[in-house]
Amino acid sequence: MNGKTCFFIGSRYASSSIEQQLMEAVEKHIIEYGVTTFTVGHYGLFDSLVIRVLRDAKKRHKDIKLYLLAPYALDQNRKAPEEFNGTFYPDGLEFVPKRYAIVKANRYMVQHSDYLISYPGVGNSRKLVDYALGREKKGLIKVTLIPRNEQNS
């Protein structure tokens with residue numbers, strides 16, 4: 001594996017019905033794309049689903065590294081789930097007002113990741129995915145969208 005990184009962004013209202021699609025996307029990123037490091041937030045249902053999927057993936061792929069994104073300075077010392085390697089606090093966030101910290105942390109991750117797996121909703125998650133899609137057109141990131149349908153919307 002060549003040290004590729006992947007981040008996740010999605011609607012905090014995601015349904016558990018997308019868990020299988022997330023698992024398949026994570027497996028593809030590990031096996032086909034060579035992703036070795038995954039970072040995920042910890043707010044909302046989407047992040048909870050991703051954390052569960054990553055825990056399972058770690059059982060099958062012991063060499064992958066898992067990090068919990070820490071958008072607030074106090075989160076730097078937050079205990080990550082047992083299977084995770086720790087937390088990640090992006091440079092420069094200490095100067096960002098608290099109400100913008102999650103948005104800035106997510107944007108940082110899109111700017112510094114090779115891959116993005118997303119199930120966007122509306123608002124900030126949609127704006128961030130649109131930003132990532134613009135970066136994808138420039139060859140700066142590869143975006144995988146988990147499709148919305150009646151079963152998982």
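Predicted model: local features only at pLDDT ≥ 70, side-chain atom pairs only at ≥ 80, totals over all residues.
At what angle do the axes of H3 and H4 cross, and within how many Å do they come? Roughly 20°, and within 10 Å. I'll come back to that pair.

The mean pLDDT of the protein is 91. Of its residues, 93% reach 70 or more. Confidence is lowest in S4, at a mean of 92, and highest in S6, at 98.

Now the sheet. It is open, with six strands. The order reads S4-S3-S2-S1-S5-S6, and the pairing is parallel. Which strands stand at the edges? Strand S4, residues 86–88, and strand S6, residues 142–145. Each has a single partner strand, so one side of each is left without a neighbour in the sheet. On average, neighbouring strands here are turned by 30° against each other, direction ignored.

S2 covers residues 35–40, and S3 covers residues 65–69. They pair in the parallel sense over four bridges. Thr37 stands opposite Lys65 in S3.

Next, helices on the sheet. H3, residues 101–111, lies across S1, S2, S3, S4 and S5. Its run makes about 145° with S1, which spans 4–10. H4, residues 124–137, also packs on the sheet. H4 touches S1, S5 and S6, and its direction makes about 135° with that of S6.

Back to H3 and H4. With that crossing of roughly 20°, the two helices are therefore roughly parallel to each other; the cut-off is under 35 degrees. The crossing is right-handed. Who meets whom? From H3, we have Val103, Asn106, Arg107, Val110 and Gln111. From H4, Asn124, Leu128, Tyr131, Ala132 and Arg135. By class, that contact has five nonpolar, three polar and two charged residues.

Now the other helix pair. H1 is residues 19–31, and H2 is residues 44–60. They pack at about 50°, with axes 10 Å apart. H1 and H2 are therefore oblique to each other. This crossing is right-handed too.

H1 brings Glu19, Leu22, Met23, Val26, Glu27 and Ile30 to the contact. H2 brings Phe46, Leu49, Val50, Arg52, Val53, Leu54, Ala57 and Arg60. How many of these residues are polar? None: the contact has 10 nonpolar and four charged residues.

To recap. One open, parallel sheet of six strands. Another, H1 and H2, oblique.

Terms used
Residues numbered from 1 in each chain as written. Heavy atoms only, no water. Pairing = 2+ DSSP bridges. Axes fitted to C-alpha atoms, helices over the stretch in contact; angles between N-to-C directions. Contact = heavy atoms within 4.5 Å. pLDDT = per-residue confidence, 0-100. Parallel < 35°, antiparallel > 145°, perpendicular 65-115°, else oblique. Left-handed = near helix turned anticlockwise from the far one by under 90°. Nonpolar A, V, L, I, M, F, W, Y, C, P; charged D, E, K, R; others polar.
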